[in-house]
Amino acid sequence: MADSWEMLEHACRQCHSCSLSARRTNTVFGDGSRTAEIMFIGEAPGANEDRQGLPFVGKAGQLLDDMLEIIGLDRGMVYITNICKCRPPDNRDPLGVEQETCLPFLRKQTALLRPKIIVCLGRIAAMQLIDPDLKITREHGQWTEKAGVAMTALYHPAALLRDPGKRVDTFLDLKSLQREILARCERTPLRRVGRQQPAPAGGPSQEQA
Ligand code: URA
């Protein structure tokens, strides 16, 4: 497969290796900095992402931006992509075969980026990349290391929209991510943010004092 970002993105945009390609408006390759030390990986594009060709731009994406903001990050400082680069119909989970078919693109993206930290967003990415038996309700926020890369899983932002009760746990997971960034990353200066607390269930996603 391609040895540069440009070649890889081109190959991805031309890909027809699985049936998801037949219905896509756009391939959603990735977004953010190609020199980032931190990589966020979701499962697959939704309708907004398919329309715009960018990952996490719908409501879940707005919440992801808020989550990054809580720890002084923004999109331009990280790299964001998905396991599958094309939208599954009706927002269903990507099938195992679709994930496997698309994985070479993610592997190559990871090889080009050489991230220090990988954050899986949700159970699909976590089961594919950390542990096939992972239970997100039990193992979110835990850290593991693979080939020198620190890896963790957070609840998917869409799950946080459905169940705001998970936001307190996610706030603590984000603070743990912040500590890991401070310990491992050299080129990712975190902006100072005000004193924070997790949003009340159903309320805004963060509150700054
Ligand atoms: N959900 C995902 O997993 N990825 C996106 O890009 C958007 C929503």
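A residue is classed as buried if 20 or more other C-beta atoms lie within 10 Å of its own, as exposed if 12 or fewer do, and as partly exposed in between, with C-beta atoms placed from the backbone. Phe 105 belongs to helix α4. Helices (H or I, at least four residues) and strands (E, at least two) are DSSP runs numbered from the N terminus. When residues up to four places away in sequence are not counted, Phe 105 touches Leu 8, Cys 12 and Lys 85. Two residues are in contact if their C-beta atoms, placed from the backbone, lie within 7 Å. Between Phe 105 and Ser 4, 101 residues apart in sequence, the C-alpha to C-alpha distance is 12 Å.

The model is predicted; local features need pLDDT of at least 70, side-chain atom pairs count only at pLDDT 80 or more, and totals for chains, interfaces and linings use all residues. Residues are numbered from 1 along each chain as its sequence is written. The mean pLDDT of the protein is 94, and 92% of its residues reach 70 or more. pLDDT is the predictor's confidence in each residue, on a scale from 0 to 100. Over residues 202–209 pLDDT stays under 50, and the model has 18 contacts beyond four places in sequence for this stretch.

The protein contains 8 helices and 8 strands. The C-alpha trace spans about 50 × 35 × 30 Å along its principal axes. Of the 209 residues, 43% are buried. Among contacts with a separation of 6 or more, 69% join residues 24 or more positions apart.

The largest nonpolar core has 54 residues, of which Met 39, Ile 41, Val 78, Val 119, Cys 120 and Ala 126 touch the most other members. Helix α3 (residues 59–70) gives the most to this core, with 6 residues. Such a core is a set of buried Ala, Val, Leu, Ile, Met, Phe, Trp, Tyr and Cys residues joined through C-beta atoms within 7 Å. Apart from neighbours within four places in sequence, the contacts of Ile 41 include Thr 81, Asn 82, Ile 83, Leu 106 and Ile 118. Cys 120, Leu 121, Ala 125 and Leu 129 are also among the contacts of Ile 41.

The residues around the ligand are Gly 42, Glu 43, Ala 44, Pro 45, Gly 46, Glu 49, Pro 55, Phe 56, Ala 60, Asn 82 and Ala 158. A residue is near a molecule or strand if its C-beta atom, placed from the backbone, lies within 6 Å of it. This shell has 6 nonpolar, 3 polar and 2 charged residues. Ala, Val, Leu, Ile, Met, Phe, Trp, Tyr, Cys and Pro count as nonpolar, Asp, Glu, Lys and Arg as charged, and the others, Gly among them, as polar.

Gly 46, one of the residues around the ligand, is found in the loop between β2 (38–42) and α2 (47–52). Gly 46 counts as buried because it has 22 C-beta neighbours inside 10 Å. Residues up to four places away in sequence aside, Gly 46 touches Gly 58, Arg 87 and Asn 91. Gly 46 and Thr 144 are 98 residues apart in sequence, and their C-alpha atoms are 28 Å apart in space.

Most residues other than glycine have a negative phi. Phe 56, however, has a positive phi near 50 degrees. Phe 56 is in the loop between α2 and α3 and is buried, with 27 other C-beta atoms within 10 Å. Asp 90 also is not a glycine and has a positive phi, of about 55 degrees. Asp 90 is placed in the loop between β3 (79–82) and α4 (96–113) and counts as exposed, because it has 6 C-beta neighbours inside 10 Å.

Arg 51 lies in helix α2 and counts as partly exposed, with 15 C-beta neighbours inside 10 Å. Gly 76 is found in the loop between α3 and β3 and is exposed, with 11 other C-beta atoms within 10 Å.
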